[in-house]
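Work through the exercises below with the sequence and the model in view. Try each task before you read its solution.

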Amino acid sequence: MPELELFLLFVRPFNRAGIRYVIGGSVAAIFYGEPRLTNDVDFVAFLNEADIRRLPEIFPPTDFYLPPAEVIAAEVARDRRGQFNIIDMDTSFKADVYLTGRDEFNAWAFRHKRQIEFEGEKLVLAPPEYVIVRKLEFFREGGSDKHLRDIRSMLAISSDQINREELGEWIRRRELEPEWKKVGQ
């Protein structure tokens, strides 16, 4: 499988299992902007108890690292910032699964998701405004310029898909104005 398509290792099982998700992070930024290499795919997912029990079936332990069900359940129970990883054993490609919790921004992303088809597979992308705001947050937390480059690329290539008013509102609400100024927009 070409590196560009490694994220499908996780999308296909989620789709087959009917798990509700949106793709964010660098993979979404690639679809809205320019191609680049990435080591992982970010999902925001709604998981219930039945989904947690099914995860080892859709990500078998012979092929994937998956945390124990009780660890995932504890993360799902968190109001904010619940997260776990799934790792493909053959490629070491990783899925960061962020859980919706009670985060109103995650709920907004699900209401405004974008569905596309890629290589015959349905992809559910977070809206570009969400991807930009999360990348600003990641930049604030870690300082990596790759997030600013992704944002600039998205703005240059997909500006017609971005609601600037909505974007500005979320930047204000999440107090990201200093980081936004570094984008140069």
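**Exercise 1: a residue in a loop**

Glu 175 has a relative accessible area of 58%, so it counts as exposed (buried is under 20%, exposed over 50%, partly exposed in between, with a 1.4 Å probe and protein chains only). The model is predicted: local features need pLDDT of at least 70, side-chain atom pairs count only at pLDDT 80 or more, and totals for chains, interfaces and linings use all residues. Residues are numbered from 1 along each chain as its sequence is written, and side-chain values use heavy atoms, with hydrogens and water left out.

Task: Find the place of Glu 175 and state its phi.

Solution. 
- Step 1. Glu 175 sits in the loop between α8 (164–173) and α9 (177–183). Helices (H or I, at least four residues) and strands (E, at least two) are DSSP runs, numbered from the N terminus.
- Step 2. Its phi is positive, about 55°, although Glu 175 is not a glycine.
- Step 3. Most residues other than glycine have a negative phi.
- Step 4. Now turn to Glu 119, in the loop between β6 and β7 (121–125). Glu 119 is not a glycine either, and its phi is positive at about 50°.

**Exercise 2: a strand residue**

Task: Is Glu 117 buried or exposed?

Solution. 
- Step 1. Locate Glu 117 in strand β6 (residues 114–118).
- Step 2. Its relative accessibility is 65%, so Glu 117 is exposed.
- Step 3. Check a distance. Glu 117 and Arg 152 are 35 residues apart along the chain, and their C-alpha atoms are separated by 24 Å.

**Exercise 3: a helix pair**

Task: How do α5 and α6 run relative to each other?

Solution. 
- Step 1. Take helix α5 (residues 104–111) and helix α6 (residues 128–142). They pack at an angle of about 150°, with axes 9 Å apart. Axes are lines fitted to C-alpha atoms, for helices over the stretch in contact, and angles run from 0 to 180 degrees between N-to-C directions.
- Step 2. The two helices are therefore roughly antiparallel (over 145 degrees; under 35 is roughly parallel, 65 to 115 roughly perpendicular, the rest oblique).
- Step 3. List the partners. Phe 105, Asn 106, Trp 108 and Ala 109 in α5 meet Glu 129, Tyr 130, Val 133 and Arg 134 in α6.
- Step 4. Sort them: five are nonpolar, one is polar and two are charged. Ala, Val, Leu, Ile, Met, Phe, Trp, Tyr, Cys and Pro count as nonpolar, Asp, Glu, Lys and Arg as charged, and the others, Gly among them, as polar.

**Exercise 4: the whole chain**

Task: How many helices and strands are there in the chain, and what share of its residues count as buried?

Solution. 
- Step 1. The chain has nine helices and seven strands.
- Step 2. Of its 185 residues, 50% count as buried.

Note on methods: Contact means heavy atoms within 4.5 Å.
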